[in-house]
Amino acid sequence: MIKIYNTLTRKKEVFKPLKKGEVGIYSCGPTVYYYAHIGNFRAYVFADILRRMFEINDYKVKQVMNLTDVGHLTSDSDEGEDKIEREAKKENKTPKQIADFYTKAFFEDFEKLNIEKPEIICKATEHVKEMIELVKRLEKKSYAYIGESGNVYFDTLKFKKYGELAKLNLEELKVGARIEVDEEKKNPHDFVLWFVEKGSKYKNHILKWKSPWGEGWPGWHIECSAMSMKYLGENFDIHTGGEDHIPVHHTNEIAQSECATGKKFVNYWVHNSFLQFNSEKMSKSKGGILRLEDLEKKGYSPMDLRYFYLSGHYRKPLNFTFTNLDSAKNSLKRLKEIISKLKEGKINQKNINNAYKQFLEIIDDDLNSSKALSFMWEILRDEKLKDSEKLELIFKFDKFFGLELKKEEKVKIPSEINKLIKEREEARKKKDFVTADKIRDKINKQGFVIDDTKNKTIVKKFRR
């Protein structure tokens, strides 16, 4: 039984898929105007363990992730510059060059962190047709209106459930506390569905398309609704994202989608909490961001960071310090050293099944990755289990953790180690096993482990 915390209801619920054995997931992707930092990647690792949990439970997963390459302004509401175009001007490049460059950088880090690629990755600029059609549906149903500038707005007062996801009290919420008032809006929470260049304050916008309302470009919120519904249907299972999307972006997605279709948009809204740095959310606007590359330069591996993410529950803030990252690094190092010494062999399938069942119960209860890590260490300390059974279980667990524990590291064997290996082979041929064992110990102390198979001797470095 899989249980997931649903932001919409503020409680854990038993997951009931729309189609038996299948799950559709939409994950809010990056706005590709700059490098993604380690705060951003907490959301993507969280979405990754969510899909891995379903895969382990034999679900067929269809995950969709967007790439925002137009329309996201520097404010989550309708103020500021387009992030892509602002960066293009700064770097003297085209918006496409900016988007392509930072998309490539994003997926390089994505791959390093061993995040499984979604089945569908969709760019906003390649789905403008679908966005225009969605705005037309809203206009036809009188949920949209045209402002003095020609921009098309969504009328939030016509959607009675507006703000339900964020538990907004629209009467008490002070105007301007979250958004700035635009004089042409009927209500302060109304948002732009389509920006029209003619007569608007964004006359020099580079990216633009023809539309029934004039040449222009889509608002940020309409993008995710159009793309998610195209690939997952007008009602789908799960929508993920950071908790910062709850008050505006996801609230607006629900409003426009449900008004256009007359159907419930998403069954389960699942949000991760922030990665904190200096007691604040890590963000580019506040400075002090760290990229994966910055950590690698300091001697940390992507898997050290992934282990750190897993050490906290996704719904709780995770405080980043180098002390905490060191702890994760050391834990992973110890884990790999233990694994490198475990030998394959016969297993008792009943022992495997019993332990794996306990593991599934932990991760199926709202993705409790920190408790799952603790359980893994308990398994390694369990004296009732054989080494071969521990090894089998750890590798099965890692299909959820994604720490690449089975991956062999390619290392160059130093000449002095090769010399010791030859001396040990000579001792074994002479049946001098006491000397052979002493040489093995010398090799182990230098960070290498020997695995004697039937046909040859395999030498591996302790996994770090």
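**Notebook: salt bridges, cores and cysteines**

I looked up Glu234 first: at 24% relative accessibility it counts as partly exposed (buried is under 20% relative accessible area, exposed over 50%, partly exposed in between, with a 1.4 Å probe and protein chains only). The model is predicted, so local features need pLDDT of at least 70 and side-chain atom pairs pLDDT 80 or more, while totals for chains, interfaces and linings use all residues. Residues are numbered from 1 along each chain as its sequence is written, and side-chain values use heavy atoms, without hydrogens and water.

**Salt bridges**

I checked the partner of Glu234. It forms a salt bridge with Lys263, with the closest N and O atoms 2.9 Å apart (a side-chain nitrogen of Lys or Arg within 4 Å of a carboxyl oxygen of Asp or Glu). Glu234 is in the loop between α5 (220–232) and β10, and Lys263 in the loop between α6 and β11. Helices (H or I, at least four residues) and strands (E, at least two) are DSSP runs, numbered from the N terminus. Lys263 is partly exposed, at 43%.

I searched the whole structure and found 25 salt bridges. Lys12 and Asp365 form one of them, with closest N and O atoms 2.8 Å apart. Lys12 lies in strand β2 and Asp365 in the loop between α10 and α11, so this pair ties together parts 353 residues apart in sequence.

**Strands β10 and β11**

I followed the chain onward. β10 (residues 236–242) and β11 pair in the parallel sense over six bridges; pairing needs at least two DSSP bridges. His239 stands opposite Trp269 in β11. I looked at the cover of β11 (residues 266–272): seven of its seven residues are buried.

**Cores**

I looked up the largest nonpolar core, which has 82 residues (buried Ala, Val, Leu, Ile, Met, Phe, Trp, Tyr and Cys joined through side-chain atoms within 4.5 Å). Phe54, Ile238, Phe397 and Phe401 have the most contacts inside this core. Helix α1 (residues 38–56) gives the most to it, with ten residues. Apart from this core lies another of 48 residues, among them Cys28 and Phe236.

**Cysteines**

How many disulfides does a search of the whole structure find? I found zero (a disulfide is a pair of cysteine sulfur atoms within 2.5 Å). The sulfur of Cys28 is 4.1 Å from the closest cysteine sulfur, in Cys224, too far for a bond. Both count as buried: Cys28 at 9% relative accessibility, Cys224 at 1%.
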